[in-house]
Structures are given as structure tokens and as C-alpha cells.
Amino acid sequence: MRRIPLDELQHHVQLPEPVAGPLRQVVKRVVAAAVVLLATVFLVYLDREEYGDNADGRVSLLDCFYYATVTLSTTGYGDITPVSDSARLINVLVVTPLRVLFLIILIGTTLEVLAERTREQWRLARWRSALRDHTVIVGFGTKGRSAAETLISTGIPRDQIVIVDPSRKVVEGAGAAGFTGVVGDATRSDVLLRAEVQRAGQVIIATQRDDTAVLVTLTARQLNRNLRIVAAVREEENAPLLRQSGADSVITSASAAGRLLGMSMLSPSAGAVMEDLIHQGTGLNLTERPVTRAEAGRSPRECKDLVVSVVRGHRVLGFDDPEASRLELTDRLVVIRRASPSQTVVLPNDPRR
């Protein structure tokens, strides 16, 4: 079996729910072949008095192993042969079928490994050809899993999300959850190209380090100028640098968590509502949607949903802003809705499981 180069092993694309690997199949075949070999040795050893050895006339246990090996491999040197009718009959009825079974096991291993490799390459080619405007999530820790959970709850299918993480174990966990994963350092362009970032619609950067997030942003923006990039940073002072690197939206995770802590301290109920809003698919959902024709020309207060903001062009207007008193058909609304129970999604290894 071909040895896989280390670089290919570290940066390969892992499709979700992969079939059993060729190595496991080879091990199973080798064990089966060993069982057939031992069975043949056992039969010959029981009937060793009926065999002749041209060297010394007697057949030992080692001679039985030798005879079984050359017989099953169809080599057949002829130095050890069955001399009685009963031994020859056993060879015809038992040893020969074992020889055929042994060959089937060896040939089947080769064919199965080749078929497995071909099938995996075909799946990978089909995946690449069908992937368009997908979402790439860089980093599948707590932030990355939460981002994936939110996307799924809004209706984005799992096969439209690609996970990139340097940890093989993390990517295998993502594959078990139904995501396609790429093992590797996302600051390298070849790793992002394996995730098809050049054809992606958006990238979520949820790395553990701010400097890594900046490098990933620069690399992703270089590969795809039309990409929408949303990134998370720990320190607020690094947010401007990330925007200058090409990020469209920057979330400061440390300060956001601190503000939520302070709000929960001053007003536990307000903190609980805010936490409910940011947990997509549970309780209340904060979503963005277009203005309907029936709502055009009306006030935000007349909409069926609770309107928080009105997005007009590149500006975000408050629901009570005089400029947003009459909705336009090209506007988008940020609204609060009640989440349905079917929208709740919990990924493997999520703390809420």
C-alpha cells in the first residue's frame, strides 16, 4: 500500500462520515489469511505420517508450516508431498479449497484498496464540483462550534459548511457531526484552497489567537476579493487591525463577554434576555430579513415582528429613527422572533449536551 506523504496527511480534505479506511481492511484480510494458513498447517500436522519429505523422510511442525506456505501460495516445490491416498484426498477436498480462499483474500485486499481509493477520489471530486458560496469556519473550538450551530439553525445545510482546524482530532469530531473538514494551518493559502475558499461566500474566523486571525484574514482576502469575512478577536485593540486586514465584521469576544457579565450583574433579567438572543434557535431569535411588499411604506412599529433596526444601504438605523419612519422595499429589518422547537440544534461535544 502506498505511503502517504506527511504534508498530504496534514492538509487533506476529510469528507463527513468516511467509509472504513484501507488500512483496516488490509489488517482484516491479513488476519483472515493467517487463519487459513494455520488451519492448513493443523490439517497437515494431524496427517503428517502420510506425507513424505525428500530431505529426511519425516515431516516436522516446521515442515508443515513450510508445506502450507508453498502450497497456499501455489509455489509447490514438490520436496514435501502427500504419499497416501487419504492424504491426497484431503488435499483435493480441503487443502485446495483453502488455497483458493487464500488467493481470494489476497487478491480481494488489493482490489478493495484500489476501489476504496477510487471511490474516495470520486467523492472528493464530486464535492469540489458541487461546492459554491459555502461557509468556511476556521477554528472549531467553542466559538467555531457555536457559529456552526447558529448557521444550521437558520437553515444552512451541513454540506455547505467546511471546517478548517490544525487538530486532526477536532476535524474528525467535525466529520462525525456531518461537516467536511480540512486539517491544517489556515494561515497557509494551500490549506484554504483545499477548503475551496476561492469559491466560498463567507468565512468565519474563530481562532484562539488574534495574530492568527489577522494572518488568516489577509490570506483569505487575497484568495477571494468578494468574500465576506467575519472574525473574532480576544482583545479590542486588535479589532481595527483586523478590519484593515480585510474583515467585514469583527467581534471582540472578551469585551462582549465582559459586557454581558456586567449587564447580568446590574440587571439579571436583561442579561438573561441578551443571552437568549445570542443563542440562535432557543427562546428568542435575533434575525435579519427583507422588507415585504405589504410592509413597504409603513412604520417599523406596524410590522408583525418586533423591529430592532432598519438596514438601509450601508447604514443601520434604529427603529425610532425619523429616517426609518417609512420602510422602503430595499430595506432590511433586524427583528426579534420566537424560535420554534425544531430549530434547536446541539452539536457533538457541545457543553449543553
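1. The largest nonpolar core holds 28 residues. Here a nonpolar core is a set of buried Ala, Val, Leu, Ile, Met, Phe, Trp, Tyr and Cys residues joined through side-chain atoms within 4.5 Å. Buried means under 20% relative accessible area, with a 1.4 Å probe and protein chains only. Val136, Val138, Val164 and Leu242 touch the most other members. Strands S4 (135–138), S5 (161–165), S7 (202–205) and S8 (228–233) each give two or more residues to this core, as do helices H7 (189–194), H8 (210–223) and H9 (239–244). H8 gives the most, with 4 residues.

2. This is a predicted model: local features need pLDDT of at least 70, side-chain atom pairs count only at pLDDT 80 or more, and totals for chains, interfaces and linings use all residues. Residues are numbered from 1 along each chain as its sequence is written, and side-chain values use heavy atoms, leaving out hydrogens and water.

3. Take Val138. Leaving aside residues up to four places away in sequence, Val138 touches Val164, Ala186, Leu192, Val203, Ile204, Ile205, Ala206, Thr207 and Val216. Contact means heavy atoms within 4.5 Å.

4. Another core lies apart from the largest one. It has 12 residues, including Ile137, Phe140, Ala174 and Ala177.

5. Next, helix H3. Its buried residues are Asp63, Cys64, Tyr67, Ala68, Val70, Thr71 and Leu72. Just after H3, Thr74 takes a positive phi of about 65°.

6. Overall, the protein has 11 helices and 13 strands. These are DSSP runs, numbered from the N terminus: helices (H or I) of at least four residues, strands (E) of at least two. Of its 353 residues, 37% count as buried.

Conventions
Buried means under 20% relative accessible area, exposed over 50%, partly exposed in between (1.4 Å probe, protein chains only).
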